[in-house]
Amino acid sequence: MIVDRVVDSVDKLANKLADELQQVDDRQARGVFFTPADVAGELVRLAVGSATTTVVDPACGGGVFLLAAGRQLVDQGVADPPTVARQHLYGADVDQASVDATRQLLAAWAEIDPVEVTGVV
């Protein structure tokens, strides 16, 4: 099924981006830790209630929490993936590489251009 292939490719991209971001030498000095996607998914499932329409991650890192939140918002019927990525997900990070990775990940999931993911700074 096409949807399964898209989900699989987005999950592979999330893992690839996290691996690349973890290669930065000063990661430990900066206190950076990347959460595995399955752990992020479970935490989001527990934290994002049915009345939630917007999610903010103030230290978005590689974007796995925002991706999991986006998927949950779509499952809850908030909006389609492009709209969720453009209007319902917000994140910030002090590391520009992490911001870029998060935009790339959310854009791949929503099938939009990374410049359209304006809520991640």
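These numbered points go through a predicted model of one protein chain, with attention to helices H3, H4 and H6.

1. Overall make-up. The protein chain holds six helices and two strands. Read from the N terminus, the order of the elements is α-α-α-β-α-α-β-α. Of the 121 residues in the chain, 37% are buried. Among contacts with a separation of 6 or more, 69% link residues 24 or more positions apart.

2. Helix H4. H4 covers residues 64-75. Its twelve residues should span 16 Å at 1.5 Å a residue, and the end C-alpha atoms lie 17 Å apart, so the two values agree. The buried residues of H4 are Val64, Leu66, Leu67, Ala68, Ala69, Gly70, Gln72 and Leu73. Just after the helix, Gly77 has a positive phi of about 85°.

3. Helix H6. H6 takes in residues 96-110, 15 residues in total. From the first C-alpha to the last, H6 reaches 21 Å, close to the 21 Å expected at 1.5 Å a residue. Buried residues in H6 are Ser98, Val99, Ala101, Thr102, Leu105, Leu106, Ala107, Trp109 and Ala110. Glu111 follows H6 and has a positive phi, near 60°.

4. H3 against H4. Two packed helices are described by the angle between their axes and the distance between the axes. For H3 (residues 37-47) and H4, the axes come within 8 Å and cross at roughly 50°. That angle makes H3 oblique to H4. The crossing of H3 past H4 is right-handed. On the H3 side the contact uses Ala37, Ala40, Gly41, Leu43, Val44 and Arg45; on the H4 side it uses Val64, Phe65, Ala68, Ala69 and Gln72. Sorted by class, this contact of H3 with H4 has eight nonpolar, two polar and one charged residues.

5. H4 against H6. These two helices pack at an angle of about 25°, with axes 9 Å apart. H4 and H6 are therefore roughly parallel to each other, since angles under 35 degrees count as such. H4 passes H6 in a right-handed crossing. From H4 the contact draws on Val64, Leu66, Leu67, Gly70, Arg71 and Val74, and from H6 on Thr102, Leu105, Leu106 and Trp109. By class, the contact of H4 with H6 comes to seven nonpolar, two polar and one charged residues.

6. Gln72. Setting aside neighbours within four places in sequence, Gln72 is in contact with Val44, Arg45 and Val48. Val44 and Arg45 are also listed among the H3 residues that meet H4, and Gln72 among their H4 partners.

7. Gln104. This residue lies in helix H6. Gln104 is partly exposed, at a relative accessible area of 35%. Which residues does Gln104 touch, not counting those up to four places away in sequence? They are Leu13, Leu17 and Pro114. Leu13 is 91 residues from Gln104 along the chain, and the C-alpha atoms of the two are separated by 9.0 Å.

Key: Residues numbered from 1 in each chain as written. Predicted model: local features only at pLDDT ≥ 70, side-chain atom pairs only at ≥ 80, totals over all residues. Heavy atoms only, no water. Helix = DSSP H or I, 4+ residues; strand = E, 2+ residues; numbered from the N terminus. Contact = heavy atoms within 4.5 Å. Expected span 1.5 Å × (residues − 1). Buried < 20%, exposed > 50% of the residue type's maximum accessible area, 1.4 Å probe, protein only. Axes fitted to C-alpha atoms, helices over the stretch in contact; angles between N-to-C directions. Parallel < 35°, antiparallel > 145°, perpendicular 65-115°, else oblique. Left-handed = near helix turned anticlockwise from the far one by under 90°. Nonpolar A, V, L, I, M, F, W, Y, C, P; charged D, E, K, R; others polar.
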